[in-house]
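Look over the sequence and the fold before reading on.

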Amino acid sequence: MVRVAIADDEPLVRAGIKLVLSASPDIEVVAEAGDGRAAVEVVGKHSVDVLLLDIRMPGMDGLTALGEVARVAPSTRVVFLTTFGEGEYITRALDGGAAGFLLKDSAPEELGRAVRVVAAGESYLSPSVTTWVMKRARSAAPVSAASAHNRLASLTERETDVLRLLAQGLSNADISSRLHASEATVKMYVSRVLTKLNCTNRVQAAIMAHEAGLR
């Protein structure tokens with residue numbers, strides 16, 4: 001059971017999120033908060049696996065609360081659930097240690113998926129956020145198509161399959177389902193891919209896959 005807390009200053013929004021998550025038998029909403037300060041108090045009092053946190057709230061905002069949550073409950077993973085997808089917010093959230101960034105116009109099933117993925121120790125970004133992050137990373141460290149092709153040549157067929165799905169933004173659990181392999185096996189392949197491509201994270205590997213034209 002994944003224990004979730006919701007922090008949003010709009011009661012109707014909290015009620016809607018709770019309704020969506022409560023439809024999943026493996027997710028339990030254990031607490032709610034109306035601002036950032038209350039969110040910090042909630043994770044300090046309850047055992048929370050995933051905190052869904054809005055950005056703009058009265059008093060202490062979500063980005064400020066992120067640092068306090070890390071101090072009070074370091075095992076709680078934070079996912080921003082917001083209508084504000086500006087680059088500055090995304091950068092501050094991810095640099096501050098958020099495990100996910102989801103926009104409120106996401107489909108209901110995506111919310112449950114994000115909670116499960118983050119609770120399992122991975123990161124989750126809305127597709128539009130992933131696109132922005134990749135563009136930023138690409139501009140910061142450009143990779144030529146020729147270089148990307150050369151690096152991908154070192155991968156086995158199975159590693160290439162894993163990279164292709166990883167580049168589509170799939171989590172280890174989703175890749176496991178697609179390839180009919182255990183999550184432990186997929187995790188091993190992802191580690192090999194990152195090592196062979198000399199990448200430090202999944203975003204860099206995804207950029208290389210796109211530059212090489214891997215579809």
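Accessible area is computed by the Shrake-Rupley method with a 1.4 Å probe. In this predicted model, the protein exposes about 10,500 Å² by that method, and carbon and sulfur atoms supply 52% of this area. A residue counts as buried when its relative accessible area is under 20%. Of the 215 residues, 46% are buried in this sense.

Next comes the overall build. Eleven helices and six strands make up the secondary structure of the protein. The radius of gyration is 18 Å, close to the 17 Å that the globule rule gives for 215 residues, so the protein is as compact as a globular protein of that length. Along the principal axes, the C-alpha atoms fill a box of roughly 50 × 35 × 30 Å. Among contacts with a separation of 6 or more, 63% join residues 24 or more positions apart.

The protein carries 24 positive and 25 negative side chains. The centres of these two sets lie 6 Å apart.

One stretch has a label from a record. An unreviewed UniProt entry places the feature "domain: HTH luxR-type" at residues 148-213. This span is 74% helix and 0% strand, and its end C-alpha atoms lie 9 Å apart.

Which residues of helix 4 are buried? Helix 4 covers residues 87-95, and its buried residues include Gly87, Tyr89, Ile90, Thr91 and Ala93. An α-helix has 3.6 residues a turn, so residues three or four places apart point the same way. After helix 4 comes glycine 97, which has a positive phi, near 105 degrees.

Note on methods: Residues are numbered from 1 along each chain as its sequence is written. This is a predicted model: local features need pLDDT of at least 70, side-chain atom pairs count only at pLDDT 80 or more; totals for chains, interfaces and linings use all residues. Side-chain values use heavy atoms; hydrogens and water are left out. Helices (H or I, at least four residues) and strands (E, at least two) are DSSP runs, numbered from the N terminus. The radius of gyration is taken over C-alpha atoms; the globule rule is 2.2 Å times the number of residues to the power 0.38. Buried means under 20% relative accessible area, exposed over 50%, partly exposed in between (1.4 Å probe, protein chains only). Contact means heavy atoms within 4.5 Å. Lys and Arg count as positive and Asp and Glu as negative; His and the chain ends are not counted. The place of a charge is taken as NZ of Lys, CZ of Arg, CG of Asp or CD of Glu. UniProt positions are given in the numbering used here, feature names are shortened, and annotations may be inferred rather than shown by experiment.
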